[in-house]
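Here is a short report on one protein chain. Keep the sequence and the 3D view side by side as you read.

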Amino acid sequence: MENNSTAFVQQEVIYQAGSPLRSPGVLVRTIARDLVASRELAWRLFVRNINARYRQTALGYFWAIFPPLATTAIWLFLTRQNVVTIESGSVPYPVFLVTGTVLWQIFADAIQIPIRVITQSKQMLAKINFPREALVITAFGESLFNFGIRLGILIVAYLILGFTPAVSVPMAFIGVFAVICLGLAIGLLLSPFALLYEDVANGLTLFIQMWMYATPVIYAPKSTGLMGWVNTVNPISPVLCQTRDWVLTGEWTYFASSTLVFAGTLFFIAVGFVIYRVALPRAIERLSS
């Protein structure tokens, strides 16, 4: 009688003393391996977070669509009452405004979601050994989920306003991806510090509100004066403007500068993963002490 046996393959894990930065090749391979290995866990965390977020609120998904609608309503009221005068070119201002505020909210979410996901997982990080990259993938998934909700807002708004997007609108999905990646890069770089200091998350909320006014979200981009300089050095400006133009006018004015920003974004995402990988264990150690 044959003796059937099940073979178990154990992965050998080698722990090295000292900083992981001493072996950058090993560090990069480890990050890439854990990104692939954490896909299923990231999906489970994503489903759990979405269900928990909207199950515990009376208004549910309303909170996902309220911020851009509120911003749009306020500035539309101010312009209609002639409190402020804002030029939007050939595009009706309500269309220009709702598109810009939705894109900005996507960017703001992409910054804040990684910080929220990681800080809410403090207990799990301290007690369970799992690929930490799963939290980053979860944050990316939540950003895409929020984008899907806000895409529905835009479609309804365009139908109500009778606006037909430009033929280049499919390119806007690439722009949205760049917007999300830029936000995630910033959130990823800040996450280890936010895990230790709540001041980071609290201050970031105020900073994002101020940052919006330095970005051509509710107004057309400036080319002269102090605001022209601010719009030029602001990294999100060309990406947001080009994405909005792909939707509204079909122009490619900011394509070169937005491509340059996206290339820098990919670099900072890579740097962010390294910092995240190196700094997070030390942050967890300080939390546990």
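Is Arg 277 buried, partly exposed or exposed? Arg 277 is partly exposed, because its relative accessible area is 23%. That falls between the cut-offs of 20% for buried and 50% for exposed. Keep in mind that this is a predicted model.

## Salt bridges

Arg 277 has a charged partner. Asp 34 forms a salt bridge with Arg 277, and the closest N and O atoms are 2.6 Å apart. This pair links distant parts of the chain. Asp 34 sits in helix α1 (residues 24–37), while Arg 277 sits in helix α11 (residues 255–288). The two are 243 residues apart.

Asp 34 also forms a salt bridge with Arg 33, where the closest N and O atoms are 3.3 Å apart. Arg 33 has 39% relative accessibility, so Arg 33 counts as partly exposed. The links go further. Arg 33, Asp 34, Glu 133 and Arg 277 are joined in a network of salt bridges.

The table lists some of them.

| Asp 34 | Arg 277 | 2.6 Å |

Now turn to helix α9 (residues 225–233). Which of its residues are buried? They are Gly 228, Val 230 and Asn 231. These residues cover an arc of only 160° around the axis, so they lie on the same side of α9. The buried residues of α9 pack against α10 (236–248). The face turned away from the buried side carries the exposed residues Leu 226, Trp 229 and Thr 232.

## Cysteines

How many disulfides does a search of the whole structure find? The search finds zero. A disulfide is a covalent bond between the sulfur atoms of two cysteines. Cys 181 is buried, because its relative accessible area is 5%. Cys 241 is buried as well, with a relative accessible area of 2%.

## A nonpolar patch

Next comes the surface. Val 156, Ile 160 and Leu 161 form a nonpolar patch there. Together they have about 300 Å² of accessible area. Leu 161 belongs to helix α6 (residues 133–161). Leu 161 is partly exposed, because its relative accessible area is 42%.

## A proline in helix α3

Pro 67 lies in helix α3 (residues 62–80). With 25% relative accessibility, Pro 67 counts as partly exposed. Where is Thr 101 relative to Pro 67, in sequence and in space? Thr 101 and Pro 67 are 34 residues apart in sequence. In space they are 8.6 Å apart, C-alpha to C-alpha.

Technical notes. Residues are numbered from 1 along each chain as its sequence is written. This is a predicted model: local features need pLDDT of at least 70, side-chain atom pairs count only at pLDDT 80 or more; totals for chains, interfaces and linings use all residues. Side-chain values use heavy atoms; hydrogens and water are left out. Patches are made of residues with over 30% relative accessible area and no salt bridge: like charges are joined within 9 Å, nonpolar side chains (Val, Leu, Ile, Met, Phe, Trp, Tyr) within 5 Å. Accessible areas come from the Shrake-Rupley method with a 1.4 Å probe; for residues, only the protein chains shown count as cover. A salt bridge is a side-chain nitrogen of Lys or Arg within 4 Å of a carboxyl oxygen of Asp or Glu. Helices (H or I, at least four residues) and strands (E, at least two) are DSSP runs, numbered from the N terminus. Buried means under 20% relative accessible area, exposed over 50%, partly exposed in between (1.4 Å probe, protein chains only). A disulfide is a pair of cysteine sulfur atoms within 2.5 Å. The arc is that of the directions from the helix axis to the C-beta atoms. Contact means heavy atoms within 4.5 Å.
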